[in-house]
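Student: Please take a close look at one part of this model, and then follow whatever connects to it through the rest. I would like the cut-offs stated as you go.

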Protein chains: 2
Amino acid sequence: MRRDVSVVEVVFRREDVVPSRAAGRACAAVDVLRAGTTVACALGAGAAEVWLFREVAAARAARESFAGEALLAGERGGVAPDGFDLGNSPADFTPARVGGRAVFFTTTNGTAALADLAGGSFVAFAALVNAGAVGRALAGRIERHGEDVLVACAGTKGRYSVEDAFCAGLIVRAILDRLPGRAVELADGARIALDFAGVRRDPARVLAEGDHGRTLTSLGLGRDLVACAEADSLDVVPILRLEPLRLVAG
Amino acid sequence: MRRDVSVVEVVFRREDVVPSRAAGRACAAVDVLRAGTTVACALGAGAAEVWLFREVAAARAARESFAGEALLAGERGGVAPDGFDLGNSPADFTPARVGGRAVFFTTTNGTAALADLAGGSFVAFAALVNAGAVGRALAGRIERHGEDVLVACAGTKGRYSVEDAFCAGLIVRAILDRLPGRAVELADGARIALDFAGVRRDPARVLAEGDHGRTLTSLGLGRDLVACAEADSLDVVPILRLEPLRLVAG
């Protein structure tokens, strides 16, 4: 099934993912503010694994039934819920806090973005901090398996996010940089993202301009914007593992 | 997106699943001998949830890190591995043993069959014991969402299995019975399965004839064939839940 031309596609909000176009492709979900950054920082700091939950109650219940060393993390309205060990500030996920531990993390948008891509042959979670590493991993899938690529921005509440689009552009550029001379076809969304990232050189300014970034600043979380803007500071690629599979009575 | 004609497709071994044809569809993986039967019996007997693992070691490690009431189940070469609470004999999964508990269950083929369908909008795990219930659940998806349906037999080591094909036929029949007067288009595999099930009325004989059934009989597990042949004895539909999502460093 190795093909000579692989297509790279970008969508700017998760609602635009067509399931049949994710299936069998190498995929990345992008969520710069902040879950993608936080998860990359957690795994980069040596967390054993990260489990994502949409609901606070589900994360809490899972943490309680887990016998090992684990942390409960995430936020609602900008703050960590009662009894949580950590919020959603990437810089707090240090080796001393998370090293060797499982992290039970709640994020509605990031979890949904990854679930939409579950049919992919490879699914990574991306942010600016690891955009280059994710791009190289996707290039490796193109090189070894001739797969097509789908980069799906999470977006924010059904709308586009400048920071996710910018990150998608950096991922596309990293793919192209890794595969000089190989025929890679950019779908229109990928061309838009690549050129957008090309004219917007400063990640910190992109983050500060966007709707979501301004909201975080107004909540006093400006230091998180600084952490989320550190492009290519991490070499870690968080990868979705579909095993174990959970079955319940329907 | 509700369409007036839904297509029902059957494939006779999991290797024939095309990811883009599973994506966004209502799906069922069929594994009559024995994982599909055992999981239906476990949830039918009141198990809280079943977690599927390909590897014995992974199931064991997960069981150890689980603080709640849980059981380790599965087999290799027909017998339960060291330290397991249960094997893969459906009749052993009684309310007294599994009620209210999580079951950590190893099955290579069944886990792979379900993982192949992960992009589906709805994914059930089926066997003869719950073929009718699964068919009705799939019919409900057609009725409410106008989805197409994919029934994927697990098969055995890359080959077809008569018992899975027979079960797929019963599922197709249950779908049609539930939707009289509605336009359902059967793809060719679904027609083959339906007619095969129509001429083979006796599940016990189908199970006894197949390669896998004869192997189990030769291992002294003939009583499991009896349990697996009890068509429509359970009303339970084991459903794949993609949450929580597990991320690890790649």
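Tutor: In H7(A), the residues A:Ala165, A:Phe166, A:Ala168, A:Gly169, A:Leu170, A:Val172 and A:Arg173 meet A:Ala190, A:Ala193, A:Leu194, A:Phe196 and A:Ala197 of H8(A), where contact requires C-beta atoms, placed from the backbone, to lie within 7 Å. These residues divide into 10 nonpolar, one polar and one charged (Ala, Val, Leu, Ile, Met, Phe, Trp, Tyr, Cys and Pro count as nonpolar, Asp, Glu, Lys and Arg as charged, and the others, Gly among them, as polar). This is a predicted model, in which local features need pLDDT of at least 70 and side-chain atom pairs count only at pLDDT 80 or more, while totals for chains, interfaces and linings use all residues. Residues are numbered from 1 along each chain as its sequence is written, and chains are lettered from A and ligands numbered from 1 in the order in which they are written.

The axes of H7(A) (residues 162–178) and H8(A) (residues 188–199) come within 7 Å and cross at roughly 100°, which makes H7(A) roughly perpendicular to H8(A) (65 to 115 degrees). Axes are lines fitted to C-alpha atoms, for helices over the stretch in contact, with angles from 0 to 180 degrees between N-to-C directions; helices (H or I, at least four residues) and strands (E, at least two) are DSSP runs, numbered from the N terminus.

Turning to the contact between the chains, 41 residues come from chain A and 41 residues from chain B. On the side of chain A that touches chain B there are 29 nonpolar, seven polar and five charged residues. Strand S10 (245–249) of chain A is among the elements that each supply at least two residues to that side, and S10(A) pairs with S3(B) in the antiparallel sense over three bridges, pairing needing at least two DSSP bridges. Here A:Leu245 stands opposite B:Leu52.

Within chain B, S3(B) (residues 49–53) also pairs with S5(B), in the parallel sense and over five bridges, with B:Val50 opposite B:Val103. S4(B) (residues 70–74) runs parallel to S5(B) and is joined to it by five bridges, B:Ala73 standing opposite B:Phe105. Because five of the five residues of S5(B) (residues 102–106) are buried, this strand is largely enclosed by the rest of the structure; buried means 20 or more other C-beta atoms within 10 Å of a residue's own. In a regular strand the side chains alternate between the two faces of the sheet. In S5(B) both faces are covered, with B:Ala102, B:Phe104 and B:Thr106 buried on one side and B:Val103 and B:Phe105 buried on the other.

Notes: A residue is buried if 20 or more other C-beta atoms lie within 10 Å of its own, exposed if 12 or fewer, and partly exposed in between; C-beta atoms are placed from the backbone. Angles under 35 degrees count as roughly parallel, over 145 as roughly antiparallel, 65 to 115 as roughly perpendicular and the rest as oblique. Two residues are in contact if their C-beta atoms, placed from the backbone, lie within 7 Å.
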